[in-house]
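Please consult the sequence and the coordinates alongside the text.

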Amino acid sequence: MGVHVGAMRVDLHLPEAGSLKGRRAILNKARAALRRDLDVSVAQVDDTQTWQRGSLAIAVVAGEPAGVDRVLDRVVAVIERDPRVVVTGVVEDVAFLDLDRDPTAGLLDVRNRLPGQP
């Protein structure tokens, strides 16, 4: 049995965040929207002392690579619905795990792109 796993890091600029509390509110809204709309796992993965910067890590699992790609392709659009957020970078990693043979199976591909790039 195999599964396809996708992970993405999205780097964000939060120009309206004037405090750590404001930053946290914006990031929490983005995390909630991703969970609600795409049913993905989301974690904040950055230096929590920078008010106007943030990074989110997103993970998705599917039986087919197209399922992973379909979800990852929608992540940035969901985040950018909030006008207080500017996506500054995206890093994606997609892997196939053959759980019957080797749970640490190799990488299928790695994609580094900026918003708006295919």
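This is a predicted model: local features need pLDDT of at least 70, side-chain atom pairs count only at pLDDT 80 or more; totals for chains, interfaces and linings use all residues.

As a general background, nonpolar side chains in soluble globular proteins tend to be buried together.

## Overall architecture

The chain contains 2 helices and 5 strands. Read from the N terminus, the order of its elements is β-α-β-β-α-β-β.

The chain has 118 residues, of which 36% count as buried. Among contacts in the chain with a separation of 6 or more, 67% are accounted for by residues 24 or more positions apart.

## Packing of the two helices

How do H1 and H2 lie relative to each other? Their axes come within 10 Å and cross at roughly 140°. Angles over 145 degrees would count as roughly antiparallel, and 65 to 115 as roughly perpendicular; H1 and H2 are therefore oblique to each other. The crossing in which H1 passes H2 is right-handed.

On the H1 side, the contact is formed by Ala33, Leu34, Asp37 and Leu38, which meet Val71, Arg74, Val75, Val78 and Ile79 of H2. Sorted by class, the contact of H1 with H2 comprises 7 nonpolar residues, 2 charged residues and no polar ones.

Ala62 belongs to strand S3. Is this residue buried or exposed? Its relative accessible area is 19%, and the cut-off for a buried residue is under 20%, so Ala62 counts as buried. Leaving aside residues up to four places away in sequence, Ala62 touches Val3, His4, Gly67 and Val68. Ala62 and Gly6 are 56 residues apart along the chain, and their C-alpha atoms are separated by 8.5 Å.

Val86 is located in strand S4. With a relative accessible area of 37%, Val86 is partly exposed. Apart from residues up to four places away in sequence, Val86 touches Asp11, Leu12, His13 and Pro15. The C-alpha atoms of Val86 and Arg53 are 9.6 Å apart in space, while the two residues are 33 residues apart in sequence.

## Loop residues

Ala17 lies in the loop between S1 and H1. At a relative accessible area of 2%, Ala17 is buried. Its contacts, not counting residues up to four places away in sequence, are with Gly22, Arg23, Ile26, Trp51 and Gln52. Ala17 and Arg84 are 67 residues apart along the chain, with a C-alpha separation of 8.2 Å.

Thr50 is placed in the loop between S2 and S3. The relative accessibility of Thr50 is 31%, and this residue therefore counts as partly exposed. Between the C-alpha atoms of Thr50 and Ser19, which are 31 residues apart along the chain, the separation is 8.9 Å.

In general, most residues other than glycine have a negative phi.

Asp39 is situated in the loop between H1 and strand S2 (41–44). Its relative accessibility of 68% places Asp39 in the exposed class, for which the cut-off is over 50%.

Note on methods. Residues are numbered from 1 along each chain as its sequence is written. Side-chain values use heavy atoms; hydrogens and water are left out. Axes are lines fitted to C-alpha atoms, for helices over the stretch in contact, and angles run from 0 to 180 degrees between N-to-C directions. Helices (H or I, at least four residues) and strands (E, at least two) are DSSP runs, numbered from the N terminus. Angles under 35 degrees count as roughly parallel, over 145 as roughly antiparallel, 65 to 115 as roughly perpendicular and the rest as oblique. A crossing is left-handed if the near helix is turned anticlockwise from the far one by less than a right angle, and right-handed if clockwise. Contact means heavy atoms within 4.5 Å. Ala, Val, Leu, Ile, Met, Phe, Trp, Tyr, Cys and Pro count as nonpolar, Asp, Glu, Lys and Arg as charged, and the others, Gly among them, as polar. Buried means under 20% relative accessible area, exposed over 50%, partly exposed in between (1.4 Å probe, protein chains only).
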